[in-house]
Amino acid sequence: MKRAPKPMIDRYNWLETIALYLGIFVFLFYLLSPFIEGFLVSLKPLSLLFSSPYSFYPRNGSLDAYWSIWERVPMLGLYIFNSLFISAIVTAIVMLIAVPAAYAFARIEFPFRGPLLGGFLAVNMFSGAVLLIPLFRLMRSLGVLNTYFAMIVPGVAFLIPTAIWLMRAYFLRIPKELEEAAWVDGASRLYILRRVILPLAMPGITVATIATFIGIYAGQFVFALTFNSKSEFAPLTTGLFAFFGRQEVIWNELMAASFVGITPALLIIVFLQRYLVAGLTAGAVKE
Amino acid sequence: MRLVPKLLAGVAFALAVMPSLASAEDKTITFISCGDKMQPAHADFIKQWEAKNAGFKVAPEVVGWDQCQDKVTTLAAAGTPVGLAYVGSRTLKQFAANDLIVPIEYTEDEKKSYYPFIVETVTTDGKQWGIPVAFSTKALYWNKDLFTAAGLDPETPPKTFAEEIAFAKQIKEKASTAGFGVVAKTFDNTMHQFLHWVYSNNGSVIDADGKITLDSKENLESLTALKDITPYAEEGPTSYEQNEVRAIFLDGKLGMIQASVGAKNLLKDAKFKWGVAELPQGPSAKGPGTLLITDSLAVFKNTGVEEQAIDLAKFLTNSENQPVYEAQEGLTPLRPGAAVDKLVAEDPNWKPFIDGISFGGPEPLFTDYKGLQNTMIEMVQAVVTGQAEPADALKKAAADLEQYK
Amino acid sequence: MNQSRGATIFAYCLLLPAILYIIAIVAYPLVETVNLSFTDAALKPTSNWVGMTNYSKIFAGNFSEIILRTFIWTFFSVAIKMIVGIFGAVLLNAAIPGRALFRILIMPPWVVPMAIGIFMWGWMYNGQFGMISGLLQNFGITSGPVAFLAHGDSAFWATIVTDVWIGVPLVTLYMLAAMQSIPKDLYEAAWVDGASRLYRFRRITLPMIVPALLTISMLSMIATFNSFDIIWILTRGGPSGETTTMIIDTYKVAIGSYKYGEGAARAVMICIFLSIFSFFYFRVVSRITIGESK
């Protein structure tokens, strides 16, 4: 079957196309150039790691580091799995809790709405390092130290406000008329939330899901370090610091391990990003 | 909804891997060690010790170098200290002042078995607070090829501050390469590098009575020398810390650096000829000096296994076991003896690292050692960037240090 | 439908899990932190009440300089993040081949553990070995190595560039999702009427993404204000304190020295500053956006 031709509105003349690709190239270069550097480092032997004058191509380059990381830190695979596992659980819990909350903040007018929202945001205003010891004592009394929960429990707490805040804007944009039409038709509030609102808010929910997942996967390292002493449960972020030696950092292996470590997360995002496209807003209701 | 069953399965899995409550049969000594894995020597010794001490088990945890100090301290502050911890000796005074660790009893013989000054690095208030486990000293490395290119004799390293500055100048001018690696980044080893100058000029920061001795004629000479050598250093010294400066040297783009033993292993594949010598001495020096940094094993209070922890620590570091550990880790030996002589015989490059001990000095022991670091770094940076004159910077720093004692 | 008593009950039901969870996990540490801020808690096992001493200590010294620097740093970082983010979103929103791939390619700065990303930037900035200094020399733009992190000004901007780099993927993604949910018929109607691309962008896209922009800029501002790792790893607040923001200072003076009481007071101070600032920011921008879209 022949593909439908692109709508006229989406056609660009050649000048615009070049400008677009150039813009994307510059943008991507900014975002990816440090990784070029990092990748080059992962290819070099440790004593020749740094050399001047600067040259793009590594001399004596090899992929040795990608094999030696598994010898030096044999549990690296487990660390990656732990990160994925913890991130998945945290994301699931956060989204379960935050989606309804975001909807409530966006759509329903209830007393103390403003201060409550502010209160949630205030959680994010404290740097984790300050709350460390009281939180440690709390985790200890909950008996979750040195388990997966030691990282899941605080992780969820600190990501809920962000998720709520991110999704609220998307819920705000869904036309009220849609809800009201369903309400008038006799749908219950819960039904409206599930069947009407959620599909339309998918882009926002997807972004919040990705943001939460990465928030745990790539951040929140100080909790994992302090609350957990068992290396079986250690996530990637603490595991990577095993490449810091007594006298020097094994940079090439650290970089190799990092690249290996982020690949699963990137794959997950590839999978999730198709939900970024809006569902059914086109032509739904004329404003 | 398939999400919920998945979620429940995840929670069940997590619960299942929660460790079962340990049996109360054996008493456990928790031991935090720094690195990426337990050093094989220690792993062996721990097994031997456990065999000799029935009823006690050691539970080691390995934490990365960057974080282990903080983790040990956080656990202690939260009321759940570990039994034994690998810490930098500079932190012992703070732990002691806050009543978190137990003093260690040493016999006179035990004390004498170490190199001079090592016991000092763990002493405060007349008592010893840690069991030394690792030791490092510094020496001068120089690039013989660059010396030749600058018209200097490649076999003659500088012996005094004045020579060091002059050689650096010559390398900069004649060989168009930075002559000396100045370390001035906001990292703790900036203070260490300055202490090289201090201790190779008979200076000190704090004396045995706790009096701040930073503002002295000797230290003024040292700080001025550092200022004088800065024009011949690499561009932008405030952005390089010790290992980065070492990387520039490894690249052949620096005439001289002051570094630890680890550098000579990295230099094996170097493309230039190099040498190691004692640190140059200042005008007030009495002999070769260097910075003596030790790491210790500290025993925390209120764990119920303090005595056993001390016993374990002494066992790990006794005269038979310690050299095995040191050989594996490439550390300067803690005690003179046959092992050291063999070391120097096999690789004469070890000699400057040992000789400097005689007039060396420790990391100053302060209650708030981070405050000490911040103050010293600020002082060095102010002088290196030309924002302050050495005399003024010294006075200010000495005054600031009072609150951290 | 959404203003009745029934609605309120429904709302609180939806909110209950979130509220309960946060209170259970965060309330105790927060209260404890405020408590600690009035004591001289440090490493020693016991602590004493010292009232407002910690707070007055904050204002001794050059704290006003640090506050100002924090605001300026945050302002520029957030502003640049928004601009670059919208720029990126516009590019990725365009219907050109390869856009799915590009969208994945913007992710790595965000997915990589933050510390690692910062190390990579540290090398880029390295005067002797870094890419930026190296390329500048190779192309003859500078004659010697440029140590970006060695001098106050360049270090200030270098840390901002890195902070922007870490934040841009999320901003881009968020704004892209916002742009994607603008109904296409709005564009088509304008196009039929002969509106140019720029006009369509100015009059349709921009106004419709303002709520999203407000949301993400607020979040970004709160996170950036407390941004610690970037400055810490790159410069530790140096050289000579020229990149020291409030959180870096807090760490250096208090947390790093395990002076928990003082650290708590500073954290509370930061929170107060942020709250006041956020409140006004929100009000002001809301007024602007509501004014425009009517």
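These entries record what I looked up about two chain interfaces in a predicted model.

Entry 1, chain A with chain C. I began with the contact list. On the chain A side 107 residues take part, and they meet 103 residues of chain C. I then looked up the buried area, which comes to about 9700 Å² between chain A and chain C, with 77% of it on carbon and sulfur atoms.

Next I checked for salt bridges between chain A and chain C and found 0 by the rule. Polar contacts between chain A and chain C number 12 residue pairs, both residues being at pLDDT 80 or more.

Entry 2, chain B with chain A. Here I found 41 residues of chain B in contact with 35 residues of chain A. Chain B and chain A bury about 3200 Å² between them, and carbon and sulfur atoms carry 63% of that area. The salt-bridge count between chain B and chain A is 0. I listed 4 residue pairs in polar contact across this interface, again with both at pLDDT 80 or more.

I then asked which elements of chain B face chain A. Those supplying at least two residues each include helix 1 (3-16), strand 2 (56-63), helix 11 (242-250) and helix 14 (321-329) of chain B. Helix 3 of chain B has the largest share, 7 residues. I sorted the side of chain B that touches chain A into 20 nonpolar, 9 polar and 12 charged residues.

Definitions and conventions: Residues numbered from 1 in each chain as written. Chains lettered and ligands numbered in written order. Predicted model: local features only at pLDDT ≥ 70, side-chain atom pairs only at ≥ 80, totals over all residues. Heavy atoms only, no water. Contact = heavy atoms within 4.5 Å. Buried area = accessible area lost by both parts, 1.4 Å probe. Salt bridge = Lys/Arg side-chain N within 4 Å of Asp/Glu carboxyl O. Polar contact = N/O pair within 3.5 Å; in protein donor to acceptor, adjacent residues only side chain to side chain. Helix = DSSP H or I, 4+ residues; strand = E, 2+ residues; numbered from the N terminus. Nonpolar A, V, L, I, M, F, W, Y, C, P; charged D, E, K, R; others polar.
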